[in-house]
Amino acid sequence: MSERADLKYRMITAFQRRINPVLRRLPFQTVLETVGRVSGQPRRTPVGGRRVGDSFWLVSEYGERSQYVRNIRANPSVRVRINGRWHTGTAHPLPADDPKARLRKLPCMNSMAVRAFGKDLLTIRVDLNT
């Protein structure tokens with residue numbers, strides 16, 4: 001990663017560390033809960049995405065560098081809070097999927113932010129247990 005891209009990544013993650021604790025407390029913010037790969041503790045991350053049938057789709061703005069993607073790789077069992085209700089499921093990173101095309105099908109505001117700030121986009125599908 002270039003020096004400029006690394007600086008951008010560090011600035012955005014520093015901002016997210018401050019805003020995410022506030023966002024994940026909002027009752028109708030969509031939240032992805034993974035299990036920490038080292039700690040084993042639940043880790044909650046506000047995300048943008050969309051439920052389509054029995055699946056929830058999202059795009060990680062930093063792909064494999066995202067901590068929640070690393071947690072998914074270690075343990076794909078997750079929970080997703082959608083419209084204030086928790087759902088269990090299994091997450092699947094989909095490197096073969098076109099994340100830019102996927103963003104066009106997801107909520108507009110989040111998709112704009114992911115496109116603006118993201119690098120190495122990665123699609124994630126969560127198969128929800130019904």
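Thr-123 counts as buried because its relative accessibility is 0% (buried means under 20% relative accessible area, exposed over 50%, partly exposed in between, with a 1.4 Å probe and protein chains only). The model is predicted: local features need pLDDT of at least 70, side-chain atom pairs count only at pLDDT 80 or more, and totals for chains, interfaces and linings use all residues. Residues are numbered from 1 along each chain as its sequence is written, and side-chain values use heavy atoms, with hydrogens and water left out.

The side chains of Thr-123 and Asp-97 are joined by a polar contact of 2.9 Å (a pair of N or O atoms within 3.5 Å; within protein, one must be able to donate a hydrogen and the other to accept it, and residues adjacent in sequence count only if both atoms are side-chain atoms). Beyond its neighbours within four places in sequence, Thr-123 is in contact with residues including Trp-57, His-92 and Arg-102 (contact means heavy atoms within 4.5 Å).

Thr-123 lies in strand S7 (strands are DSSP runs of E, at least two residues, and helices of H or I, at least four, numbered from the N terminus). An open, antiparallel sheet is formed by seven strands in the order S2-S1-S5-S6-S7-S4-S3 (two strands pair if DSSP finds at least two bridges between them). Strands S2 and S3 each have a single partner strand, so one side of each lacks a neighbour in the sheet.

| Edge strand | Residues |
|---|---|
| S2 | 42-46 |
| S3 | 49-52 |

S6 and S7 pair over six bridges, and Gly-89 has Leu-128 in S7 as its bridge partner.
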